[in-house]
Amino acid sequence: MAHLTVAGFEIHDTYLTSDAQRALLDALREVVRAAPLVDPVTPSGKKMSVRMTAAGQYGWITDRQGYRYAPQHPQGTPWPAIPESVLDIWRDLTGLARIPDCCLINYYGEGARMGLHQDKDEASYDWPVVSISLGDDGLFRMGGPQRGGKTQSIWLKSGDVVVMGGAARLAYHGVDRIRFGSSTLMPKGGRINLTLRVAT
Ligand code: SIN
Ligand code: FE2
């Protein structure tokens with residue numbers, strides 16, 4: 001398992017074995033059964049191309065009311081617990097005693113992308129964000145703390161994990177595109193990204 005740092009982003013190449021990826025996917029299927037993926041809209045009413053749900057005490061949601069952490073799924077139920085196997089990844093890579101209270105789950109179908117943004121709805125930026133990729137390859141763009149700065153891109157593959165802490169915690173990042181069908185993990189294709197955050 002190689003580990004390299006690009007613009008402060010700590011990239012753990014193939015952190016998860018194929019068995020671990022399959023086990024994680026099974027755990028996520030349970031989560032999505034209780035908390036179905038939704039088609040979110042931005043505060044201005046634009047439909048996002050990713051589908052979204054969450055696990056943990058809080059989920060990050062977006063709708064006409066704005067971006068925020070919410071204690072319930074839009075359907076009115078508490079979010080399911082974050083699978084222990086997911087928390088183990090956080091513990092191993094961050095070494096922190098504090099555990100995340102939000103695991104955002106983004107599903108990228110064919111043509112889905114995520115514009116450059118900062119993760120900044122959390123109460124404190126002292127905690128890292130850990131991002132886990134499953135399924136199809138995604139072209140991940142990384143910049144600095146200012147919009148419009150220089151960026152670098154890498155293809156994230158199934159099983160790669162990125163730690164965004166320190167200088168990269170408030171760095172701009174996004175996914176330009178995915179290579180739909182590039183992975184055999186999910187029979188119908190697509191990419192899943194989990195981001196673990198300490199929201200409160
Ligand atoms: C995100 O920043 O919320 C998603 C990043 C990714 O999909 O790799
Ligand atoms: Fe993000």
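Colleague: How far is an oxygen atom of ligand 1 from an N or O atom in the side chain of H117?
Modeller: This model is predicted. A polar contact needs N or O atoms within 3.5 Å. For the side chain of H117 and an oxygen atom of ligand 1, the distance is 3.1 Å.

Colleague: How far from an oxygen atom of ligand 1 does a polar side-chain atom of R191 lie?
Modeller: R191 belongs to the residues around ligand 1. A polar side-chain atom of R191 reaches an oxygen atom of the ligand at 2.8 Å.

Colleague: And which distance goes with N193?
Modeller: N193 is also listed around ligand 1. Its polar side-chain atom and an oxygen atom of the ligand are separated by 3.2 Å.

Colleague: What share of the area of ligand 1 does the protein bury?
Modeller: Start with the ligand taken alone. It then exposes 260 Å². Of that area, the protein buries 99%.

Colleague: Which elements give two or more residues to the shell around ligand 1?
Modeller: The shell includes Y108, M114, H173 and R191. The elements that give two or more residues are β6 (102-108), β7 (114-117), β12 (173-178) and β13 (191-197).

Colleague: How many residues of the shell around ligand 1 are charged?
Modeller: Sort the shell by class. Four residues are nonpolar and four are polar. The charged count is one.

Colleague: What is the volume of the largest pocket?
Modeller: The space taken by ligand 1 is this pocket. Its volume is about 680 Å³.

Colleague: Which residues that line the largest pocket are the closest to its centre?
Modeller: The lining has 34 residues. By class, 13 are nonpolar, 11 polar and 10 charged. The closest to the centre are M48, W60, M114, G115 and H117.

Colleague: Which element gives the most to the lining of the largest pocket?
Modeller: Several elements give two or more residues: β5 (66-70), β6, β7, β12 and β13. One of them supplies four residues, the most. That element is β13.

Colleague: How much space lies in the second largest pocket?
Modeller: Its lining includes L25, I105, M186 and I192. The space there is about 270 Å³.

Colleague: From which element comes the largest share of the lining of the second largest pocket?
Modeller: Two elements, α1 (18-34) and β6, each supply at least two residues. The largest share is four residues. It comes from α1.

Colleague: How many residues of the lining of the second largest pocket are nonpolar?
Modeller: Sort this lining by class too. One residue is polar and two are charged. The nonpolar count is nine.

Terms used. Residues are numbered from 1 along each chain as its sequence is written. Chains are lettered from A and ligands numbered from 1 in the order in which they are written. This is a predicted model: local features need pLDDT of at least 70, side-chain atom pairs count only at pLDDT 80 or more; totals for chains, interfaces and linings use all residues. Side-chain values use heavy atoms; hydrogens and water are left out. A residue is near a molecule or strand if one of its heavy atoms lies within 4 Å of it. A polar contact is a pair of N or O atoms within 3.5 Å; within protein, one must be able to donate a hydrogen and the other to accept it, and residues adjacent in sequence count only if both atoms are side-chain atoms. Accessible areas come from the Shrake-Rupley method with a 1.4 Å probe; for residues, only the protein chains shown count as cover. On a 1 Å grid over the protein atoms alone, a cavity is a set of points where a 1.4 Å probe fits but cannot get out, and a pocket is an open set with protein on both sides within 12 Å along at least five of seven lines; lining residues have an atom within 4 Å of a point. A molecule sits in a cavity or pocket if more than half of its atoms lie within 2 Å of its grid points. Ala, Val, Leu, Ile, Met, Phe, Trp, Tyr, Cys and Pro count as nonpolar, Asp, Glu, Lys and Arg as charged, and the others, Gly among them, as polar. Grid points are joined across faces, edges and corners, and a volume is the space filled by probe spheres set on the points.
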